[in-house]
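Thank you all for coming; please have the sequence and the structure open while I talk. I will go through the sheets and then turn to the cores.

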Amino acid sequence: MTRKRSLDSTVTTLLVWVAAASWVGCGGGEAASDEPAGAASADAPPQFETTEVAEGVYQFRWIGHNALFVVTSEEVFAFDPISVEAAATYAEEIRRVAPGAELAAIVYSHRDADHATGAEVLREAFGADVPIYAHENADAPLREAANPDLPPPTSTFAETMTLAGGEIELHYLGRSHSDDMAVAFLPAHGLAFAVDFVSRDRFGYMDLASFHFPDMFGAIEGLLEIPFETIVFGHGPSGDRAAIERQLTYYRDLDAGVRGAVEAGLSEDETAATVLLEDYSHWDRYDDWRELNVRGMHRKLSAAGAGEDEEEGEGGEEGEGEHGREGREGGEGSGEHDREGEGREGSGEHDGNGGEHGGEGGHDEGDEGEESGEYLGRAETWDATRRGARLILSYDPGREAFAGTVENTTGETLCAVRVEVHLSSGTELGPTQRADLAPGAAAEVELAVGGEAFERWTAHPEMSPCAT
């Protein structure tokens, strides 16, 4: 069939606006904490919009998350359903833009719940047999989690995959924000889609708990080897090659500044007070996340032995180059834009299956904590222990808040304990104020929902290594 295009604007918005947009960053970008749709505010952004970023290529934004769908001559390929609620509108937008077209595939950029949830909603709209593609590292954790709203992929790839007769390329660039990140590239348009590990002129998410350094450097360098000109991010505005170069420079500067402090014997607090990164003071989230980025990098470098044994090399991993990129052999089916060198799957202190800000699956003890992938109904109570922190939490509709306690069940102090709640709408609540919990101690938890509409939710405690 011939691809049909709507006669109305390529940007569509809700007729009602979301009020009181309290934008909170999340990962490489943002999640929103808004009043429910229907409350009018001329100053608030629309809850969703669909924008044509290249011929037949559309960015679908839901609150603070971006997805991408590609309309070919007969089919549509949709990246990242985002959430159950978002996916319902996503399906309507696909039908509006490409009436009558079949959904050929759903593609996960990675398995984090705030990007990949909702595939079953798209399948209900277009057909239960629509395939789901993802990197191979996403498969086992999603099967183990068994979340019906976040089904595992039906087909996976290791290094590269092509879809739509070569119109879409999927590339795995090694560990970055997660160990299963797929980057999409559309050669005919010179356009890429990358989520969470890069963004345009903004700091990394909070204290970089799920970021894999030094592997991140290699992933960003690998992205620059793909000949894109325009790039759509999972959060925030689109960018170009210069935006990725700036992102790489920022992480190099962060690494260098914190590494120098660690080698000089400065504590985490001292480093946070002195590594100010003022060249990036105009970037988004500077006031919120600059200190957290510094603290997170300090913990990673300290744990890797920076400043203790120079013979181990940068990042404390023997045999790595300047930024920890090992050669990886191009496997069968490798594409034109593959990087050389094999990623170190499953290695490193911070190796884990969770996502940057609410990914599915567990993580190793070195990570601070991410969403488990299990979602509860509004009336259910969360009662689970993770890394010694028992979280008991439930939703109180009268107070429009989640309330409960988090308790230290271990014999040692748990440091910087805080709690986050993730709603099925894609909104994140929290984190709560950090608190050190002595053995047996508990802290009250309360997170206001603010009228946000949701059907299901999940929660998790986070904690950080105690300062030595």
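Predicted model: local features only at pLDDT ≥ 70, side-chain atom pairs only at ≥ 80, totals over all residues.

Residues are numbered from 1 along each chain as its sequence is written, and side-chain values use heavy atoms, with hydrogens and water left out.

S20 and S24 belong to an open sheet of four strands, ordered S18-S19-S20-S24, with antiparallel pairing, where two strands pair if DSSP finds at least two bridges between them. Its edge strands, each pairing on one side only, are S18 (381-386) and S24 (442-448).

Let me move to strand S25 (residues 456-464), which is largely enclosed by the rest of the structure, because eight of its nine residues are buried, buried meaning under 20% relative accessible area with a 1.4 Å probe and protein chains only. Strand S21 (residues 414-423) runs antiparallel to S25 and is joined to it by seven bridges, and within S25 it is Glu462 that is the bridge partner of Arg418. Strand S17 (residues 376-377) is also antiparallel to S25, through two bridges, with Trp457 in S25 as the bridge partner of Leu376.

A further open sheet has six strands in the order S11-S12-S13-S14-S15-S16, and here the pairing is mixed. Its edge strands, S11 (160-163) and S16 (239-240), each pair on one side only.

Finally, the cores: which residues have the most contacts inside the largest nonpolar core? They are Phe79, Leu170, Phe197, Leu223, Ile244, Tyr251 and Leu254, in a core of 66 residues, a nonpolar core being a set of buried Ala, Val, Leu, Ile, Met, Phe, Trp, Tyr and Cys residues joined through side-chain atoms within 4.5 Å. Helix H6 (residues 241-263) gives the most to this core, with eight residues. Apart from this core lies another, of 35 residues, among them Trp62, Phe69, Tyr90 and Phe126.

Conventions. Buried < 20%, exposed > 50% of the residue type's maximum accessible area, 1.4 Å probe, protein only.
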